[in-house]
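Try each task before reading its solution.

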Amino acid sequence: CGGVVQACRELNANVDLECHGIGEMGVQNDKMIVGTLGALWGIVGSLFHSMGGMTTQSVSTQVQKRQEVERTLCPIFQSISRLTCTSVGLKGTIELSTLSYPSTSHRRNVPILPLLLKVVDSFTAYWGLKILYVLLAGVPATLGDKGKGVVVQRDKEMGFVNKSIILNM
């Protein structure tokens with residue numbers, strides 16, 4: 001997971017919050033964005049799943065493990081936030097099969113998005129909420145251009161679809 005976190009840190013350092021230019025490179029890039037989002041959400045699911053089996057450990061070990069997992073999640077959430085701000089990321093994220101992971105105690109999958117609200121680390125929680133904001137509001141990448149004379153257009157239909165799916169998880 002260390003290599004993925006390092007790649008996320010490099011993406012976060014080199015790409016602005018609105019991902020200008022990333023979503024404008026054609027179909028091949030669209031597939032890469034959706035594939036990357038799918039892989040990152042799969043890693044997030046695995047990390048959340050690893051925290052679920054901590055009940056047999058001591059409280060101090062559980063707290064330490066949770067802190068370690070949440071520190072790992074922070075740069076991943078930052079990258080997911082940037083990629084989700086692209087038009088293809090906004091539309092493709094909600095359709096990903098990696099937005100849930102298999103439950104060990106139930107027969108159904110556990111959805112990941114509601115778990116973003118249970119993150120304890122403040123910085124990681126901020127980025128988790130930013131992801132939810134982008135998905136629920138349907139805000140495209142032009143949000144950062146407000147002061148530059150560009151009119152911000154929300155994708156209301158996509159926001160509605162995402163809300164109906166996310167809020168029913």
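**Exercise 1.** Is Val161 buried, partly exposed or exposed?

*Solution.* Keep in mind that the model is predicted. Start with the location: Val161 belongs to helix α6, which covers residues 156-166. Next, take its relative accessible area, which is 31%. Buried would require under 20%, and exposed over 50%. Val161 is therefore partly exposed.

**Exercise 2.** Find the nonpolar surface patch that includes Val161.

*Solution.* A patch residue needs over 30% relative accessible area, and Val161 has 31%.

**Exercise 3.** Work out how buried and exposed residues are arranged around α6.

*Solution.* First, pick out the buried residues of α6: Met158, Gly159, Asn162 and Ile166. These cover an arc of only 100° around the axis, so they sit on the same side of α6. Then turn to the other side of α6, where Lys156, Glu157 and Phe160 are exposed. Finally, look for the packing partners: the buried residues of α6 pack against α4 (87-92) and α5 (122-137).

**Exercise 4.** Describe α5, and say what comes after it.

*Solution.* Begin with the span: α5 has 16 residues, and from first C-alpha to last it reaches 22 Å, close to the 22 Å expected at 1.5 Å a residue. Now check burial: the buried residues of α5 include Trp127, Ile131, Leu132 and Leu135, and Lys130 is also among them. Last, step past the end of the helix: Gly138 follows α5, with a positive phi near 70°.

Key:
Residues numbered from 1 in each chain as written. Predicted model: local features only at pLDDT ≥ 70, side-chain atom pairs only at ≥ 80, totals over all residues. Heavy atoms only, no water. Patch = residues over 30% accessible without salt bridge, like charges linked within 9 Å, V, L, I, M, F, W, Y side chains within 5 Å. Areas by Shrake-Rupley, 256 points an atom, 1.4 Å probe, with all protein chains shown as cover. Salt bridge = Lys/Arg side-chain N within 4 Å of Asp/Glu carboxyl O. Helix = DSSP H or I, 4+ residues; strand = E, 2+ residues; numbered from the N terminus. Buried < 20%, exposed > 50% of the residue type's maximum accessible area, 1.4 Å probe, protein only. Arc of directions from axis to C-beta. Contact = heavy atoms within 4.5 Å. Expected span 1.5 Å × (residues − 1).
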